[in-house]
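These are my notebook entries on one structure. I set down what I looked up, entry by entry.

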Amino acid sequence: MKKALLAMLIGYISMVTIVSRAHGDEVNSCHLQLAGQVTVSTDRFLITDAVGRRLEITRDNQVLLNDSPIRIEAGDRQAVANYQEQVRTVIPVIVDIALDAVEIGVEAVSEVFLSLAGTEPPVKLTEAIAAIRAEINNQVSRDSQTSRLSGSSSEMLQTLDSVINDAKPTLITAIMGALITNLGQTVSAGEGSFEQRLSSFATRLENLGGELESRMEIKAARLEEKAQGLCTQMAALQTAESRMQQVLPELRSFDLVQTAPSISI
């Protein structure tokens, strides 16, 4: 029972778990990733590749490579417009999934600890959560006007997964400590026989897990709706990118969409 609750919490705090659940087998058949630093704002978006080259496309489809304008023939403007539309579709989805999934995990951990211990999480657990938030903030960010993705999307998942794995011992220790403390209080101060007190504690713990899972599942379902179509959206972005590179040869080596390395999630 305690192991089941811990497993659920670890699952919810892991963005990789949530995203992989949303994608299912589609992740392994997609093999696409975004590589580069991308900032999408209301009036333009900017892509910086691994060697520092900058591709900027304004809202009215002007294209600048390393701050120098590229001439676009009238018949080629639609290719640029299609590419811009796909970038503006995909980047916010990835950013939303990353940030929202981590917050689901953080909320789950905080709720359980508060319910079990009656206090806010201890400093070590707070620091572990802060490290996870800091890592994701290094990779992605958003506000009312801007979405930002830094680095390849597959590397982002792997890096965050590593940070989460580092935090798991602290998470487990904190939750187990709260469980033991709560159990001790229930057994010493509860009513009825020792067996009845243990049974009451077990029932309360199961109810807590069930209630938490129901609330988190509702929030996770919203992410799943976004994540399930992400592979198709990335494929559409790759097609739009290839078409733009055909009409603008200067951009043929500037690939935002790339084949992702095989990873197990």
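In which sense do β2 and strand β8 pair, and over how many bridges? I found that β2 and β8 (residues 147-149) pair in the antiparallel sense, over 3 bridges. Before going on, I note that the model is predicted: local features need pLDDT of at least 70, side-chain atom pairs count only at pLDDT 80 or more, and totals for chains, interfaces and linings use all residues. Residues are numbered from 1 along each chain as its sequence is written, and side-chain values use heavy atoms, with hydrogens and water left out.

**Entry 1**

I took strands (E, at least two residues) and helices (H or I, at least four) as DSSP runs, numbered from the N terminus. Two strands pair if DSSP finds at least two bridges between them. Strand β2 covers residues 37-40. On its other pairing, I recorded 4 bridges to strand β3 (residues 44-48), and the two strands run antiparallel. A hairpin of 3 residues joins β2 to β3. I then looked up Val 38: it stands opposite Ile 47 in β3, and its bridge partner in β8 is Leu 149.

**Entry 1**

I traced an open sheet of 7 strands in the order β6-β5-β4-β3-β2-β8-β7, with antiparallel pairing. The edge strands are β6 (68-70) and β7 (140-142), each of which pairs on one side only. On average, neighbouring strands of this sheet are turned by 15° against each other, direction ignored; the axes are lines fitted to C-alpha atoms, for helices over the stretch in contact, and angles run from 0 to 180 degrees between N-to-C directions.

**Entry 2: two asparagines with positive phi**

Most residues other than glycine have a negative phi. I noted that Asn 61 has a positive phi near 70°. Asn 61 sits in the loop between β4 (54-58) and β5 (63-65), and it counts as buried because its relative accessibility is 16%. Asn 66 also has a positive phi, of about 50°. Its place is in the loop between β5 and β6, and I recorded it as partly exposed because its relative accessible area is 39%.

Val 63 lies in strand β5 and is buried, with a relative accessible area of 2%. Counting contact as heavy atoms within 4.5 Å, and leaving out residues up to four places away in sequence, I found that Val 63 touches residues including Leu 55, Ile 70, Val 80 and Leu 248.

A nonpolar core is a set of buried Ala, Val, Leu, Ile, Met, Phe, Trp, Tyr and Cys residues joined through side-chain atoms within 4.5 Å. The largest such core has 65 residues, and Val 63 is among those with the most contacts inside it, as are Leu 34 and Tyr 83. Helix α4 (residues 77-117) gives the most to this core, with 20 residues.

**Entry 3: helix α8**

Why do I regard the span of α8 (residues 230-247) as agreeing with expectation? The expected span is 1.5 Å times one less than the number of residues. The 18 residues of α8 should therefore span 26 Å, and the end C-alpha atoms are 26 Å apart. Among the buried residues of α8 I listed Leu 230, Met 234, Leu 237 and Glu 241.

Methods: Buried means under 20% relative accessible area, exposed over 50%, partly exposed in between (1.4 Å probe, protein chains only).
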